[in-house]
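This report looks at the pockets of a predicted model. It then turns to one helix.

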Amino acid sequence: MSLQGKVAVVTGAAQGIGRAIAETLARHGADVVVADLDPGRSQETVEAVSKLGRRALNIKVNVADWNDVKSMTDQVLKDWGKIDILVNNAGVTRDGLLVRMKEEDWNLVLQVNLNGTFHCTKAVLQPMTKQRYGRIVNISSIVGVMGNAGQANYAASKAAVIGFTKTIAREYASRMVTVNAVAPGFIDTAMTQGLPAEVKETLQKQIPLGRLGQPSDVAEAVRFLVSEEAGYITGQVIHVNGGMLMV
């Protein structure tokens, strides 16, 4: 129970990778703020955290909206007194070739994936620096490192998250706040489950370990980065991709 007594905020925690992260942190002792745009859907995550014997707080938040994020942070600090861990997981896709990509699709992906990470990080830094302790993990993507046709907006947002991660790590290391990123490869979630069988087969042939990742694979990497054992790791990108990309 290495996270006993810690308070963690996980965005986009209603399903998939976000839910796996929330449950994994709870299993290791953390109380979890389940932050999502759809509080109805995130109720299942809240119940799962509660069954593990940890406190859970269900908060509706639009990470693209600074006022929404600030209200969430204020509520957590009022109810639970502190924030030790932030996992910026909330993200969206709006795929399409660049020449056909609508400006609103470009903007939405950047607003959620990049601006959302900025808003949430900015909101928690003051309480973290005051207590001289914090763990921030940003969920990037293999696409942000290698690119992917049809995902210029998503790749740009996730590449920017990596640059953001390294900069904030440098800015706040002296306050004992570590900031790292996890870059998942192709993970078996609702999004990939909708892919045609032949596309999945082609993908798996590109992965040395021969399978799509599981949400738990990503969650365990996050769990390590927020633990005391990772206290000397900051500004790093942990790639969880089955060997599809080696850097």
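## The largest pocket

The volume of the largest pocket is about 1,300 Å³. Its lining takes in 46 residues. Nearest the centre of this pocket lie Gly 91, Val 92, Thr 93, Tyr 154 and Met 191.

By class, the lining of the largest pocket holds 23 nonpolar, 18 polar and five charged residues.

## The second largest pocket

The second largest pocket has about 210 Å³ of volume. It is lined by 13 residues. Those nearest its centre are Thr 73, Leu 77, Ala 123, Gln 126 and Pro 127.

Helix 3 (66–80) and helix 4 are the elements that give two or more residues to this lining. Helix 4 supplies the largest share, six residues. The lining of the second largest pocket divides into four nonpolar, four polar and five charged residues.

## Helix 1

How many of the 12 residues of helix 1 are buried? Nine are, so the helix is largely enclosed by the rest of the structure. The buried residues are Ile 17, Gly 18, Ala 20, Ile 21, Ala 22, Glu 23, Thr 24, Leu 25 and Ala 26. Just after helix 1, Gly 29 has a positive phi of about 110°.

How values were computed
Residues are numbered from 1 along each chain as its sequence is written. This is a predicted model: local features need pLDDT of at least 70, side-chain atom pairs count only at pLDDT 80 or more; totals for chains, interfaces and linings use all residues. Side-chain values use heavy atoms; hydrogens and water are left out. On a 1 Å grid over the protein atoms alone, a cavity is a set of points where a 1.4 Å probe fits but cannot get out, and a pocket is an open set with protein on both sides within 12 Å along at least five of seven lines; lining residues have an atom within 4 Å of a point. Grid points are joined across faces, edges and corners, and a volume is the space filled by probe spheres set on the points. Ala, Val, Leu, Ile, Met, Phe, Trp, Tyr, Cys and Pro count as nonpolar, Asp, Glu, Lys and Arg as charged, and the others, Gly among them, as polar. Helices (H or I, at least four residues) and strands (E, at least two) are DSSP runs, numbered from the N terminus. Buried means under 20% relative accessible area, exposed over 50%, partly exposed in between (1.4 Å probe, protein chains only).
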